[in-house]
Amino acid sequence: MRDSKGEQAAPRICRIIPWNSERSIEVPHFYTTSAAEATTAINSHGYSLEGIACWIYGQRPVVVLPPELRGVVELLRLYHPESQAHVYTTDAAKALDLTKSGWQDEPSAGWVYGQQVPGTVQLLSALRPNPEDYFYTTSVDEHDAAVAGGYTEDDIPAIWVFSDSTNGVPFYRLVR
């Protein structure tokens, strides 16, 4: 990303409301690219909008991918009815293992990159085991604050997302 002088601009952090330790008891987090689904979660299920975690493709862009879109992979979303937690992964084998232990497949969360390409940043993940919650952010500071607040590093495969709204659609972050 270039600034108005044509120089490399610093990446923007992808959030509206920063995560902090006071919010850590409000779980579980839920992420979606659908404004309609976010609205339903807010109006019918007690969620509030925490911000935008990042920007991703809401659907696979095209059937035959041009060179700049090669490496796009599906971001799978699973739900655990007991803990009400959602987990997001690009690892189909991990998703299959989770379904064997009570997790349910949900509609695709969207499409992301499996490796870094220009204009992307890594989506970081942290896990809170009790009560179960998965927290995703592109901000190292937010991730570190979550870990300091009781979350642990989550071993997800690398997920690369857009750092601003130039590409993709918002990946809304909601919390109860």
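**Reading salt bridges and a strand pair**

Mentor: Arg 173 has a relative accessible area of 0% and so counts as buried. The model is predicted.

Trainee: Which residue does the side chain of Arg 173 meet in a salt bridge?

Mentor: The general idea is that side chains of opposite charge can pair when their charged atoms come close. Here the partner of Arg 173 is Glu 50, with 2.9 Å from N to O. This pair links distant parts of the chain, since Arg 173 is in strand 12 (residues 169-175) and Glu 50 is in strand 2 (residues 48-56), 123 residues apart.

Trainee: Is Glu 50 buried or exposed?

Mentor: The cut-off for buried is under 20% relative accessible area. Glu 50 has 1%, so Glu 50 is buried.

Trainee: How many salt bridges does a search of the whole structure find?

Mentor: The search finds four. Among them is the bridge between Glu 37 and Arg 77, whose closest N and O atoms are 2.9 Å apart. Glu 37 belongs to helix 1 (residues 35-45) and Arg 77 to strand 3 (residues 72-80), so the pair joins distant parts of the chain, 40 residues apart.

Trainee: Which residues are linked with Arg 77 in a network of salt bridges?

Mentor: Glu 37 and Glu 106. The side chains of Arg 77 and Glu 106 meet at 2.8 Å, N to O. Glu 106 sits in the loop between strand 5 (104-105) and strand 6 (110-113), 29 residues from Arg 77.

Trainee: Turning to the strands, in which sense do strand 8 and strand 9 pair?

Mentor: As a general point, side chains in a regular strand alternate between the two faces of the sheet. In this model, strand 8 (residues 124-129) and strand 9 pair in the antiparallel sense over six bridges. The two form a hairpin with two residues between them. In strand 9 (residues 132-137), five of the six residues are buried.

Trainee: Where does Ser 125 lie, and what stands opposite Ser 125?

Mentor: Ser 125 lies in strand 8, and Tyr 136 in strand 9 stands opposite. Ser 125 has a relative accessible area of 4%, so this residue is buried. Leaving aside neighbours within four places in sequence, the contacts of Ser 125 include Phe 135, His 143 and Ile 156. Asp 154 is also one of the contacts, and a polar contact of 2.9 Å joins the side chains of Ser 125 and Asp 154.

How values were computed
Residues numbered from 1 in each chain as written. Predicted model: local features only at pLDDT ≥ 70, side-chain atom pairs only at ≥ 80, totals over all residues. Heavy atoms only, no water. Buried < 20%, exposed > 50% of the residue type's maximum accessible area, 1.4 Å probe, protein only. Helix = DSSP H or I, 4+ residues; strand = E, 2+ residues; numbered from the N terminus. Pairing = 2+ DSSP bridges. Polar contact = N/O pair within 3.5 Å; in protein donor to acceptor, adjacent residues only side chain to side chain. Contact = heavy atoms within 4.5 Å.
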